[in-house]
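Dear colleague,

I am passing on the structure we talked about, and below it you will find a short account of what came out of looking through it. Please read the account with the structure open beside you.

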Amino acid sequence: MTKSKPSAQQDDARQADSERADPKQSNPKTEGGDASNRIKDPDQWTTGSEPMTGAQASYLKTLTEEVGEPAAFEPDLDKAEASKRIDALRQEAGRG
C-alpha cells in the first residue's frame with residue numbers, strides 16, 4: 001500500500017494546528033495591555049443569573065467577616081450579584 005500525498009487542505013490544517021500550539025504566538029486575551037476584552041460587566045455575563053460558585057461564596061463569607069459584617073453574607077446570590085458584592089467589600093476591606 002502506498003501513502004498518498006496530503007491534500008492542500010490537510011497541509012493548511014496542519015499549519016493552523018502548529019500555529020495554535022506555538023507558545024510564542026500571541027493571545028490577546030492573556031497578554032498585558034488593554035484588558036478591555038477580558039473584563040466584562042457582571043450584568044453582561046451570560047451565566048450571571050446562575051447561583052454563585054462555591055469559590056465566590058467562600059470569598060464573600062471571608063470578606064463579610066473581615067469587614068465586621070458577617071450577617072451581610074447572603075447564600076442565595078447569583079454569580080453577577082456576588083461578584084459586585086465582592087468588589088464592593090474588597091474596596092471596603094482595603095483590598096481594591
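Is Lys79 buried or exposed? In this model, which is predicted rather than determined by experiment, Lys79 has a relative accessible area of 17%, and because buried means under 20%, Lys79 counts as buried. Lys79 lies in helix H3, which covers residues 79-93. Leaving aside residues up to four places away in sequence, Lys79 touches Trp45, Thr47, Gly48, Glu50, Pro51, Met52, Thr53 and Gln56.

The axis of helix H2 (residues 54-66) comes within 10 Å of that of H3, and the two cross at roughly 30°, in a crossing that is left-handed.

For the chain as a whole, the secondary structure comes to three helices and zero strands, which read along the sequence as the pattern α-α-α. Of the 96 residues in the chain, 17% are buried. Among contacts in the chain with a separation of 6 or more, 59% are between residues 24 or more positions apart. The accessible surface of the chain is about 7500 Å², and 49% of that surface belongs to carbon and sulfur atoms.

Definitions and conventions. Residues are numbered from 1 along each chain as its sequence is written. This is a predicted model: local features need pLDDT of at least 70, side-chain atom pairs count only at pLDDT 80 or more; totals for chains, interfaces and linings use all residues. Side-chain values use heavy atoms; hydrogens and water are left out. Helices (H or I, at least four residues) and strands (E, at least two) are DSSP runs, numbered from the N terminus. Buried means under 20% relative accessible area, exposed over 50%, partly exposed in between (1.4 Å probe, protein chains only). Contact means heavy atoms within 4.5 Å. Axes are lines fitted to C-alpha atoms, for helices over the stretch in contact, and angles run from 0 to 180 degrees between N-to-C directions. A crossing is left-handed if the near helix is turned anticlockwise from the far one by less than a right angle, and right-handed if clockwise. Accessible areas come from the Shrake-Rupley method with a 1.4 Å probe; for residues, only the protein chains shown count as cover.
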